[in-house]
Amino acid sequence: MTLTAMIAKMSEGLGRTCAIFFLTLLFSLPLGLLVALMRMSKNKVLSSVTSACISVLRGTPLMLQLIAVAYGPFYLFGYTLLVKEKLLAIIIAFSLNYAAYFAEIYRGGIESMPVGQYEAAHVLGYSKHQTFMRIIMPQVVKRILPSVTNEVITLVKDTSLAFTLAYMEMFSIGKQIANSQSSFLPFVIAGVFYYVMNMIVAFVMSRCEKALSYYR
Amino acid sequence: MNILKIAHCRKQFDGKEVLSDISLTVDEGQVVSIIGPSGSGKSTLLRCATLLETMDGGALRYLGKSAVRDENGRAVYASHAELKEIRTCFGLVFQNFNLFPHYSVLKNITEAPMLIQKRNKAEVYETARDLLKKMGLADREDAYPYQLSGGQQQRVSIARALAMKPKMLFFDEPTSALDPELTGEILKVIRDLAAEHMTMVIVTHEMAFARDVSDHVLFMDGGVIVEQGNPEDIINNPSQERTIQFLSRFN
Amino acid sequence: MKKLLAAILVMMFALIACASAEETVFKMGIDAEYPPYSYMGDDGQYTGYDVEMCAKVCEILGWTQEVVPINWDTKLIQLDAGEMDCIWSGLTIDVIDPEAYSISMAYSDNSQMILTKKGSGIEALADVAGKRVGVQLGTSADILLSDGGDAADFGATFGELVRYENYNIAFTELMAGAIDAVAIDIGVANGKIAEYGDDYYCVAEPFAAEKYGICFRKADAEMCKQVEDAFMQLVEDGTYISLAEKYGLDTANLCLAK
């Protein structure tokens with residue numbers, strides 16, 4: 001197999017890798033905020049249940065969670081949709097896992113906000129919702145951006161875990177070529193792909209940070 | 001007509017009484033200063049009055065409208081909607097300014113009047129620019145809080161409170177977070193407001209300022225009003241031992 | 001006339017639709033990293049001895065073959081869940097529970113060999129004692145040599161049994177001298193020797209003999225029977241052996257040809 005053939009074959013999987021990446025971000029970022037709010041809820045039951053879920057999601061390997069999401073419902077209820085729709089199972093597992101991490105980042109950001117910001121908004125008559133959306137959240141976003149960047153870069157690399165469900169994303173194809181051709185070249189190609197993707201992520205995130213650097 | 005009326009306000013923190021039976025009335029155009037050592041409860045009183053802290057017992061009324069009423073010694077708060085309306089009666093200037101750092105000076109001042117009070121944009125901007133001019137910050141409307149000195153930030157926060165057209169203003173140690181050379185500009189702004197007969201309650205450590213600007217001075221210690229009255233009398237000739245002790249530290 | 005034509009057209013379409021709906025798709029689950037049995041060919045399509053045999057079987061049965069690469073670690077779960085109809089990829093059937101699955105006849109002996117490099121001083125199985133031996137995790141060599149396996153006693157003589165995610169890495173380590181030998185299926189071993197050259201050789205005597213077969217869900221015994229029958233036709237017509245030669249497999253292992 002020529003180098004170009006390898007790259008072409010692996011590029012076919014790149015679309016799937018990107019699908020995992022973007023869909024996971026699309027769902028886990030808002031879900032993470034929801035989870036963070038549930039975690040900080042005054043309702044003791046809600047907050048401790050959420051806290052336990054976060055603990056499990058962060059405390060077990062994503063690989064296990066992938067298997068649990070795809071095959072758990074099948075063994076328990078004979079439900080085969082997640083087995084047949086691999087991408088769906090992967091997006092559910094990835095989104096839950098990343099939402100747990102994002103939730104803790106959001107929580108850290110929200111809890112680091114000085115109470116004075118809430119009080120100033122309160123006295124001016126802002127509702128809870130207005131305070132959160134207009135005063136707190138924009139500042140939280142700026143504060144948490146570096147940590148979010150870290151997670152997003154990790155996510156790029158974690159997409160390769162989809163091989164657990166035999167989903168033919170870029171790295172799984174690379175491994176197959178490597179073993180068929182007894183060549184390490186596919187791993188080099190995979191490394192280059194991941195590095196380029198992360199360069200793009202780093203570039204976009206630094207643009208975001210710059211866009212928010214107009215205030216301190 | 002009195003604007004603010006606090007009756008028999010009580011407040012505990014973890015079983016420790018920080019306010020016991022405080023009553024206070026503020027008339028229109030009156031300037032009241034509250035002095036006292038730290039931990040005396042003066043800031044807590046201010047926070048109860050501005051609804052940032054809930055009181056355990058007592059009553060609170062603005063312009064005759066009840067925010068808190070006393071029911072068998074327990075404080076009962078008015079409905080959410082009523083409190084929202086009552087909150088428009090007063091403004092509060094914080095010790096640490098608490099400007100919104102992600103908003104420009106102009107947006108800090110104009111957002112609440114437009115968003116909360118649904119006032120006309122052109123009118124709000126005109127009001128805001130007039131206030132900035134009065135505060136000597138006409139050329140800084142596009143600046144962000146971090147680009148301003150502490151004194152300038154505090155002036156913006158006073159403008160922010162005034163833009164809501166409140167019936168009265170509270171000041172919570174407005175100069176305590178400032179470098180000594182910057183306190184003068186804030187005190188001057190408050191003096192100007194007093195000259196315009198703005199109703200104000202000021203918690204402060206500036207004794208000379210309190211004496212000069214206010215109509216009435218309260219000395220608080222240990223959660224009670226120890227002594228109150230005419231500023232000259234309280235600050236120059238206090239009658240209570242605790243007041244004398246406290247004031248001696250400032251001379 | 002036009003109406004008649006239209007009616008005929010509609011019927012034809014309906015027939016075509018029916019025909020395609022009745023077409024049986026046979027999903028074969030493979031480990032796509034297991035040459036020469038199942039792997040990705042130079043053209044990027046899955047190929048190998050098992051893949052091509054399956055294609056011939058499907059041809060006979062009039063089925064459409066679909067190759068499904070699976071995760072070898074979760075192969076039985078994936079089979080249970082219906083992701084594919086069978087596991088057909090150098091699968092050692094000795095370790096599969098016949099009570100729980102429908103298993104085909106064995107189509108190949110699978111001798112387990114010790115492959116080593118010139119200069120290792122390993123000439124017989126006894127020489128492996130104290131040496132570092134690599135295997136691919138979860139392969140029959142691994143299962144046999146590990147505690148509870150049929151060749152566990154032999155495995156216990158090793159200095160260390162090193163488990164790799166795939167044989168590619170094991171061979172790199174063998175070349176680099178990090179391990180002394182690799183325990184491996186004979187078919188894969190011959191493929192590797194053909195690829196890497198004369199410096200590599202197998203110890204003549206296998207340390208275990210296993211059998212390759214095809215695994216179906218328990219309920220699919222009928223399908224298993226159909227595949228077996230078609231497979232036997234390929235044994236009869238010689239495809240069985242000619243394909244093995246094409247993929248460099250040791251024809252001595254082709255137990256159905258005997």
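Chain C has nine helices and 13 strands, where helices (H or I, at least four residues) and strands (E, at least two) are DSSP runs numbered from the N terminus. This is a predicted model, in which local features need pLDDT of at least 70 and side-chain atom pairs count only at pLDDT 80 or more, while totals for chains, interfaces and linings use all residues. Residues are numbered from 1 along each chain as its sequence is written, and chains are lettered from A and ligands numbered from 1 in the order in which they are written.

The C-alpha atoms of chain C fill a box of roughly 85 × 40 × 35 Å along the principal axes. Of its 258 residues, 41% count as buried; a residue is buried if 20 or more other C-beta atoms, placed from the backbone, lie within 10 Å of its own, exposed if 12 or fewer, and partly exposed in between. Two residues are in contact if their C-beta atoms, placed from the backbone, lie within 7 Å, and among contacts in chain C between residues at least 6 apart in sequence, 74% join residues at least 24 apart.

An automatic or database assignment sets the domain bounds, giving domain 1 (21–108 + 212–253) and domain 2 (110–209) of chain C. Their centres, taken over C-alpha atoms, are 25 Å apart, and the contact takes 15 residues from domain 1 and twelve residues from domain 2.

Within chain C, helix H2 (residues 49–61) packs against helix H8 (residues 221–236) at an angle of about 105 degrees, with their axes 9 Å apart; axes are lines fitted to C-alpha atoms, for helices over the stretch in contact, and angles run from 0 to 180 degrees between N-to-C directions. H2(C) and H8(C) are therefore roughly perpendicular to each other, a label for angles of 65 to 115 degrees, whereas those under 35 count as roughly parallel, those over 145 as roughly antiparallel and the rest as oblique. Residues of H2(C) in this contact include Met53(C) and Val57(C), and those of H8(C) include Val227(C) and Phe231(C).

The table lists the residue classes of several contacts, with Ala, Val, Leu, Ile, Met, Phe, Trp, Tyr, Cys and Pro counted as nonpolar, Asp, Glu, Lys and Arg as charged, and the others, Gly among them, as polar.

| H2(C) with H8(C) | eight residues | two residues | one residue |

Chain A meets both other chains named here. Its contact with chain C takes 19 residues from chain C and 20 residues from chain A, and strand E3 (38–40) and helix H3 (75–80) of chain C each give two or more residues to it. In the other contact, 18 residues of chain B touch 16 residues of chain A.

In chain B, five strands form an open antiparallel sheet in the order E2-E1-E4-E5-E6, where two strands pair if DSSP finds at least two bridges between them. Strand E2 (16–27) and strand E6 (74–77) of chain B stand at the edges, each with a single partner strand, so one side of each is left without a neighbour in the sheet. The twist averages 20 degrees from one strand to the next.
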